[in-house]
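New notebook page. I want to look up a few side-chain pairings and jot down what turns up.

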Amino acid sequence: MTANPVSVNSNASLISPEIGKSLLAKPSQRIAPAHPPLKLGILASGSGSNFEVIARAIQNQQLNAQIPVLIYNNPEAKAAARAEKYGIPSILLNHRDCKSREELDTKIVKNFQKYDVEWVVMAGWMRIVTKVLLDAFPDRVINIHPSLLPTFPGIRAVEQALAAKVKITGCTVHIARLEVDSGPILMQAAVPVLPEDTAETLHARIQVQEHKIMLGAIALIAESNRKYCD
């Protein structure tokens, strides 16, 4: 079955993570799903902390979803070890072995299709995606970014916020588009910038909120998919 693209507000500026959080089952109230779980293909380049948050919520039956496979592009990524801990297959697709971004995305698509992936989650994926991936999963590729988009897109978003001397920054989960860090917003969370903040301390507090809105956004998608199935 083809997954239903979730209805999103392309003009949204701030969507509370509490909306998605309300759709998560409490640890003491595990889900007894009436519908097949949403199949998520995860892309990760680094530590895999967002990946593990998703995997743990699924294991605790707080999300009606499953992760058939993790793909990572960095041989040193700790995400692979996290996947092994949860018994989730992982595949290394080193971008350095590919002649173009399109070649890498073609390999990603083939592997995700092999595992019947419905939605793609870029959980700390440090590669620019191409039309190859976005066309294979239209409106079903989501990304997380450490700023309140559309402000501070691109790399070093936390450093950008500090340099701009803003009082509030945050994080965003959005539907991916060809333009980097653009596309309809699913969920955002605000994080205050403290006078003594460094890039490390600010990023650590943003990451706490990233974990919340990533789960919230996936919960919204799963709920949309459930209504579509009904």
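This is a predicted model: local features need pLDDT of at least 70, side-chain atom pairs count only at pLDDT 80 or more; totals for chains, interfaces and linings use all residues.

Are Phe112 and Phe137 buried or exposed? I checked, and both of them are buried.

**Entry 1: the aromatic pair**

I looked for aromatic pairs and got 1 for the structure. Phe112 and Phe137 make it up, in an edge-to-face arrangement with 80 degrees between the planes and 6.2 Å from centre to centre. Then I asked where the two rings come from. Phe112 belongs to helix α4 (residues 101-114), while Phe137 is in the loop between α5 (131-136) and β5 (141-145), so the pair ties together parts 25 residues apart in sequence.

**Entry 2: Leu40**

Next I picked a residue in a strand. Leu40 is part of β1, which covers residues 38-44. Its relative accessibility is 1%, and the cut-off for buried is under 20%, so I put Leu40 down as buried. What does Leu40 touch, if I skip neighbours within four places in sequence? I noted Ile54, Ala65, Gln66, Ile67, Pro68, Val69, Val117, Trp119, Val121 and Ile218.

**Entry 3: salt bridges**

On to charges. Side chains of opposite charge can pair when their charged atoms come close. How many salt bridges does the structure hold? I found 8, and I wrote up some of them.

Asp139 and Arg177 meet in one, at 3.0 Å from N to O. Asp139 sits in the loop between α5 and β5, and Arg177 in the loop between β6 (168-175) and β7 (185-192), so this bridge ties together parts 38 residues apart in sequence. Asp139 is partly exposed at 35% relative accessible area, and Arg177 is partly exposed at 32%.

Arg56 bridges to Glu52, with 3.9 Å between the closest N and O atoms. Both are in helix α2 (residues 49-59), 4 residues apart, which means about one helical turn separates them. Arg56 comes out as partly exposed at 37%, whereas Glu52 is buried at 6%.

Arg205 pairs with Asp197, and here the closest N and O atoms are 2.8 Å apart. I have Arg205 as partly exposed, at 26% relative accessibility, and Asp197 as buried, at 12%. Last, I checked for shared partners: salt bridges join Glu52, Arg56, Arg82 and Lys85 into one network.

Notes. Residues are numbered from 1 along each chain as its sequence is written. Side-chain values use heavy atoms; hydrogens and water are left out. Rings of Phe, Tyr and Trp (its six-membered ring) pair if their centres lie within 6.5 Å; planes under 30 degrees apart count as stacked, over 60 as edge-to-face and the rest as tilted. Helices (H or I, at least four residues) and strands (E, at least two) are DSSP runs, numbered from the N terminus. Buried means under 20% relative accessible area, exposed over 50%, partly exposed in between (1.4 Å probe, protein chains only). Contact means heavy atoms within 4.5 Å. A salt bridge is a side-chain nitrogen of Lys or Arg within 4 Å of a carboxyl oxygen of Asp or Glu.
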